[in-house]
Each structure stands twice: as C-alpha cells, then as structure tokens.
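Dear colleague,

Please find the structure below, handed over for your own use.

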Amino acid sequence: MDNLWLQKIAENPGHSAWYVERFRKLAREGADLAGEARLVDTMVPRGSRVLDAGCGTGRVGAFLAAAGHDVTGVDLDPHLIAAAEEDHPGPRWLQGDLAELDLPDRFDVIVCAGNVMTFVAPGTRVEILRRLRAHLAEGARLVVGFGAGRDYDFADFLADAATAGLEPDLLLSSWDLRPFTDDAEFLVALLRPRR
C-alpha cells in the first residue's frame, strides 16, 4: 500500500476521526482555515465551477461555495466526506480516488491543497495530474500546494506536471503570494495545460 493516507488509517483506524476533530477544533478556536480558498477565489469570477481535489473535511470548498462558486469536492476517505457533508452542506461532496477521477464536469479552477499530492501513492502522481488536467475547462488552471520534506521534491513534482501536460503559470512559496525561491519550504504551483 503506497498511499500514505491509507497507511495512516491502516496503522491507526481512528486517524480520520482525529483529523476531522482537529479541523473542527481549529475552526472553533477561530483559526484561519481559508487561506488557500482566498487565493483560489481571486483567480475566477463569481459562479465559477471549482473542483476541490482531495477536499478532506471540506474547509476550502466550503469557503469557495460561500463566496458564490459551484463547488465539487472529491476525497478518498469516506469519513472525511461524511464530515464535509455534515459540516458544510451545499457543495457536492464525492468519495473517490483522484487516480480514477472521471467526472462529466469541466472546472474553471481546480485546487489541490493540504499536502494531498504527498499523501497519494507515488506511482499514481502523474496519472492524478493527467486526470486533473483533463477536468480543466478552456483557460482554467490547477493550483497545487504542499510542503517540503514530505518525500516529494518540488523539482520532481514539476517534472511530473510536465509529463502530465501541465506547465507553471506562477510558482509561489505560500498561499499568501510570497515568491518561490530555491530554499522555499512550501510550493504553491499555479499550472495550466501545456500548449
């Protein structure tokens, strides 16, 4: 089993419940859980179709839905999807594997936040990026963010994105628009289909 998230659940069956409660607690404490969503919101007009890929508990998609977007969230973990449905009714929350993503919709923007790409099986990374690219509407972009030190070098990610037919529009080192540097501890990549 190469999927790190599924490994965590296999090692600790209560991991998903802990994760849900962690974000509920952060929300109760007033933590800023919408930084990724604010950036994505600036990229598209109101009423845009948004895919929250690896949506987890729905925090990013919920903010974007409240801002007036048509949001679909997909996550592998049914426990997280159940929490998203309970805590954030309105968006369409779907349980599914991003490596097998096949929705009838095309999206104006796709966001993949929360280190999702570091949790997936390494052998599925390029396929996931291909499938996300296939779900982009004309002129749309994919936004992927994850931290360093998670067994997925930024250069390897960018090479995988190129293999999947994507190229960078903009690389940042944070969701609050700090420029990407060689020593960055985080990557936010705004990608578009290669022409």
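A residue is called buried when its relative accessible area is under 20%, exposed when over 50%, and partly exposed in between (1.4 Å probe, protein chains only). The model is predicted, so local features need pLDDT of at least 70 and side-chain atom pairs count only at pLDDT 80 or more, while totals for chains, interfaces and linings use all residues. Residues are numbered from 1 along each chain as its sequence is written, and side-chain values use heavy atoms, with hydrogens and water left out.

By that definition cysteine 55 is buried, at a relative accessible area of 6%. Cysteine 112 is buried as well, at 0%. The structure holds zero disulfides, a disulfide being a pair of cysteine sulfur atoms within 2.5 Å. The sulfur of cysteine 55 has its closest cysteine sulfur in cysteine 112, 11 Å away, which is too far for a bond.

Threonine 57 lies in the loop between strand S1 (49–53) and helix H4 (59–66); helices (H or I, at least four residues) and strands (E, at least two) are DSSP runs, numbered from the N terminus. With 7% relative accessibility, threonine 57 counts as buried. Apart from neighbours within four places in sequence, threonine 57 is in contact (heavy atoms within 4.5 Å) with Tyr19, Val20, Phe23, Leu80, Ala83, Ala84 and His88.

In helix H8 (residues 154–163), the buried residues are Phe154, Phe157, Asp160 and Ala161. These cover an arc of only 120° around the axis, so they are on the same side of H8; the arc is taken from the directions from the helix axis to the C-beta atoms. They pack against helix H7 (125–134) and strands S5 (136–147), S6 (166–172) and S7 (186–193). Glycine 165, with a positive phi near 85°, follows H8.

As for pockets, each is an open set of points on a 1 Å grid over the protein atoms alone, where a 1.4 Å probe fits, with protein on both sides within 12 Å along at least five of seven lines; lining residues have an atom within 4 Å of a point. The largest pocket has a volume of about 750 Å³, volume being the space filled by probe spheres set on the points, which are joined across faces, edges and corners. Of its 39 lining residues, the closest to its centre are Tyr19, Gly54, Gly114, Val116 and Phe119. H2 supplies the largest share of that lining, six residues.

Kind regards
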